[in-house]
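Thanks for coming. I will take a few residues one at a time and then turn to groups of residues. Please have the chain on your screen.

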Amino acid sequence: MVSSVTNLGRSGVFDWMVQRVSAYVLAIYTIFLLGFVVSTDLTYETWAGLFSQNWFRIFSLAAFIALGAHAWVGLWTITTDYIKKALPRFLVQALCGAAMFVYLIWGIEILWGL
């Protein structure tokens, strides 16, 4: 069993729930976007109109957060399985965590124009 400071004291059940809930959020978001693209005449005005609505911005933000959580649990699992030494594992996890944080902030900035 790997004990790592980057697990933040979570349990396997918690990680499993994060993976499942985030997968559902991402699936619903993907299905909605595919349905929107297929069912509308996609122009810049319709796309901008969709993203100008607050409910869709919140939905997109939930998808960004779900993507980050889903990726973190997956990357944590992969790194603890395949990188056995603590320092290299921590460095890879820190790099991945920093990248996910940057992508999340970047996504928020794009959505809300902060």
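Start at T79, where the side chain reaches the backbone oxygen of W76 at a distance of 3.0 Å. Keep in mind that this is a predicted model. T79 sits in helix 3, which covers residues 54–82. Is T79 buried or exposed? Its relative accessibility is 6%, and buried means under 20%, so T79 counts as buried. Which residues does T79 contact, once neighbours within four places in sequence are set aside? They are R89, V92 and Q93.

Now to Q19. This residue belongs to helix 1, residues 12–39. Q19 has 16% relative accessibility, so Q19 counts as buried too. With neighbours within four places in sequence left out, Q19 is in contact with A69, H70, V73 and G74.

Stay in helix 1 for A27. Here the relative accessible area is 34%, and A27 is therefore partly exposed. I also have a distance for A27: its C-alpha atom is separated by 21 Å from that of T77, and the two residues are 50 apart along the chain.

Next, the core. Which residues make up the largest nonpolar core? There are eight in all: L26, Y29, L33, F36, L50, F56, A63 and A66. At least two residues of this core come from helix 1, and at least two from helix 3. Helix 1 supplies the largest share, with four residues. As background, nonpolar side chains tend to be buried together in soluble globular proteins.

Not counting residues up to four places away in sequence, A63 touches V25, L26 and Y29.

Last, the surface. Which residues form a nonpolar patch there? The patch consists of F101, V102, Y103, I105, W106 and I110. Together they have about 690 Å² of accessible area. Take I110 as the example: it lies in helix 4, residues 86–112. Why does I110 count as exposed? Its relative accessibility is 62%, and exposed means over 50%, so I110 falls in that class.

To recap the individual residues: T79 is buried, Q19 is buried, A27 is partly exposed, and I110 is exposed. That is my part.

Key: Residues numbered from 1 in each chain as written. Predicted model: local features only at pLDDT ≥ 70, side-chain atom pairs only at ≥ 80, totals over all residues. Heavy atoms only, no water. Buried < 20%, exposed > 50% of the residue type's maximum accessible area, 1.4 Å probe, protein only. Contact = heavy atoms within 4.5 Å. Patch = residues over 30% accessible without salt bridge, like charges linked within 9 Å, V, L, I, M, F, W, Y side chains within 5 Å. Areas by Shrake-Rupley, 256 points an atom, 1.4 Å probe, with all protein chains shown as cover. Salt bridge = Lys/Arg side-chain N within 4 Å of Asp/Glu carboxyl O. Polar contact = N/O pair within 3.5 Å; in protein donor to acceptor, adjacent residues only side chain to side chain. Core = buried A, V, L, I, M, F, W, Y, C linked by side-chain atoms within 4.5 Å.
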